[in-house]
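Colleague: I'm new to this one and would like to know where the labels come from. Could you show me the structure and then take my questions?

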Amino acid sequence: MFDSLQDKLDKAFHVLKGHGQISEVNVAETLKEIRRALVDADVSFKIAKQFTNEVKEKALGQEVLTSLKPGQVLTKVVHDQMVDLMGGTAAELNLEGKPAVILMAGLQGSGKTTHSGKLANYLKRKKSRKVLLVAGDVYRPAAIDQLKVVGEQVGVEVYTEEDNKNPVAIAQNALKHAKENGFNTVIIDTAGRLAIDEQMMSEIRNVHSAVKPDETLFVVDAMTGQDAVNTAKAFNDVLDYEGVILTKLDGDTRGGAALTVRTVVNKPIKFIGTGEKMEALDVFHPSRMADRILGMGDVVSLVERAQEQFDEEEARKVQKKIAKNKFDFDDFLGQIKQIKKMGNVKDLMGMIPGMGKMMKNVDIDDDAFKGVEAIIQSMTPEERGNPKLINGSRRRRIAKGAGKDVKEVNQLLKQFGEMSKMMKMMQGGGAKKMAQMMKGAGGMPPGMR
Amino acid sequence: MGLFGNLFSKEPKKEKLEEGLEKTKTSLFTKLSKAVAGKSKVDDEVLDELEEILITADVGLDTTVKIIDRIEERVARDKYLGTAELNDILREEIADLLQGETQADFKAFDASHKPYVIMVVGVNGVGKTTTIGKLAHKFKQAGLKVVLGAADTFRAAAVDQLTIWSERVDVPIVKQAMGSDPASVAYDSLQSALSQEADVLIIDTAGRLHNKVNLMNELGKIKRVMQKLVPDAPHEVLLVLDASTGQNALEQAKQFTKTTEVTALALTKLDGTAKGGVAIGISDQLQIPVKYIGVGEQMEDLQIFNKRAFVDSLFGE
């Protein structure tokens, strides 16, 4: 996600290496590099300046432990500062109102309608809420139709008044409808508007004061540049919103807007949008985002996502098999299924410390495993359990069954052999080494200890 | 600040903006002028000030450095005289990075292609469909026969949105059901435009993030399928960029160019506070001209890009 910023900071910290302690002189070049990296990542010019100044003050005042290198100390200072900047711990939604009302606001094209749908889906499935979506965008052609389609996709009722051009009245009527029909959550989608459009801004202010939302969420595109300062502030001046949804983070934007918005308005980023599917909504974790920015990888997210999808029973079985060197193709197939459940492979790889940089120029297809699966599924149960059985004629048969070349079957068998060897190694002394490597990056995932 | 007042239809709104929260920006050039007042050469203070102005307008580090280098070179060569000259040199150098010449009107394209096929591409939410609606209106006003092709079959209600625009502007639209193959819609549209002897065909496509390989490949397919009917179609690939996008726009332009050979840019939402400075770097590095700018949600709110006016707006003049 923030690959480019990671590259830059890596380079910046590299300059510091080899110095014994942090001094005005050796920190200057690094800080300049950090500031440039931040600006290049679309962090507001002023905030980047402020940020590096604060980092400098903290770093200079800091005792440098003899066991640590200045680069490490500075990394920690930058990281802590960034977490501070993005707002401490994760922030929850306030859903106390009866019904709880959520108002969506933002510029054109920031993703309000899509994220109204995602939020409805999230609240329905994860919080068991009965959600009503309200079509309050009366301006953009077909905006109401779009929300209807989205509502249908997530199985949530959509309140519309096709002939009513007054968003305030629509919102009020929708609230009445929700109360009468037992909805405990109302999400109001609104038209995109520019912060300088006084008429439109006073309209949303009127909607706001008419429905008194428990949560007003400012929806902002993660790709936003320097203008993030202006819009975040202008919307906050009018609506005093509770939180922010940062969208389109599945792109390759460096996402400086995340750093900017929080600092400018002092409101938490509550969710991030990570794809076009209705499930692609994640809770925002400032420290994870900072880890990511600094190239420390997002180990916690990865572990959590893995745990959510991982069948522990299955994992234990596989581990036992590896220990006995009996890991076979059935297990391999099982592993592929697990990985696929966890989501986009490239995203997953990007969360592993150090991988972000390596993955930068690699395209991993979501279908990358299809061919492998086809080959394994073309094996007989005996062959899967005992790969040694697979001789030349069996290879030809498997290739035919999978619609692949014999060459590809050979390749998979070779890779599988190497993987088995590696697993054996990890079971032995190699594991210790790996654990050491992982320590610096937030510890081992529980299942791997 | 006079620029937007003179050119843009939403004049009163912009005026209010400038009076209100954006006071600071208006005076940046004045600030710059002050910084050089009484000095005989461009010093670091001036350049720092300039750097801030350009970065804050999303021009980006690399391009900003390039501009500053060019200014320094020019100053060394031409001998710097005063604020007025600096202003001129600055504008000239920045305008110089922008490719192409300001075209005379909306009809200024190669009319030997009939229809002239424009494929519109971009990431999600930049304003592709709206730009197409406005563009269709401008072409029609110029006396051209326009057909629209609704090849965004993915986003909820995208076809409905373009249909409403086609009714507003009163031009024919070719569409299929949501979820159908966009390449097939493009093919149908081109066939229909050919048989109607239309002058212009505009193809809408679904918004896609440029790092999604499969979706990018789909654009290539749409192009190839159209080439079965007209070998040199599309004659224009218009990349729509949101002016509020930061440095990621550069990556967008690179990736879209790689798959579809983008030939022109449209910069939307310039009626807001965003300056769209990233377009300078894109135009310079990829040698693609900015052709249109979007300045509002109404049919009329599309203009032909004017270099000079754009550069002025960076400085809030």
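Modeller: Let's start with a term: a nonpolar core is a set of buried Ala, Val, Leu, Ile, Met, Phe, Trp, Tyr and Cys residues joined through side-chain atoms within 4.5 Å. Buried means under 20% relative accessible area, exposed means over 50%, and partly exposed is in between (1.4 Å probe, protein chains only). The largest such core here has 96 residues, and those with the most contacts inside it are B:I94, B:F139, B:I202, B:L267 and B:F315. Apart from it lies another core, of 68 residues, with A:F45, A:L132, A:F218 and A:A232 among them. In soluble globular proteins, nonpolar side chains tend to be buried together.

Colleague: And what are the ground rules for the model itself?

Modeller: This is a predicted model, where local features need pLDDT of at least 70 and side-chain atom pairs count only at pLDDT 80 or more, while totals for chains, interfaces and linings use all residues. Residues are numbered from 1 along each chain as its sequence is written, chains are lettered from A and ligands numbered from 1 in the order in which they are written, and side-chain values use heavy atoms, with hydrogens and water left out.

Colleague: What makes B:H137 count as buried or exposed?

Modeller: Its relative accessibility is 12%, so B:H137 counts as buried. B:H137 sits in helix α8 (residues 128–141) of chain B; helices are DSSP runs of H or I with at least four residues, strands are E runs of at least two, and both are numbered from the N terminus. Leaving out residues up to four places away in sequence, B:H137 touches B:V169, B:M299 and B:E300, where contact means heavy atoms within 4.5 Å.

Colleague: Why is α10(B) called roughly parallel to α11(B)?

Modeller: Helix α10 (residues 182–195) and helix α11 (residues 213–227) of chain B pack at about 30°, with axes 8 Å apart. That angle makes α10(B) roughly parallel to α11(B), because angles under 35 degrees count as roughly parallel, over 145 as roughly antiparallel, 65 to 115 as roughly perpendicular and the rest as oblique. Among the residues that meet are B:Y187 and B:L190 in α10(B) and B:I222 and B:V225 in α11(B).

Colleague: Which residue has a phi near 75°?

Modeller: That's A:D42, with a positive value in a residue other than glycine. Most residues other than glycine have a negative phi, and most peptide bonds are trans. A:D42 is in the loop between α2 (24–40) and α3 (45–61) of chain A, and with a relative accessible area of 3% A:D42 is buried.

Colleague: How do you know whether B:D170 is buried or exposed?

Modeller: B:D170 has 54% relative accessibility, so B:D170 counts as exposed. Phi of B:D170 is also positive, near 65°.

Colleague: Which peptide bonds are cis?

Modeller: The bond from B:K114 to B:P115 is cis, with omega near 0°, and so is the bond from B:A233 to B:P234, with omega near -10°.

How values were computed
Axes are lines fitted to C-alpha atoms, for helices over the stretch in contact, and angles run from 0 to 180 degrees between N-to-C directions.
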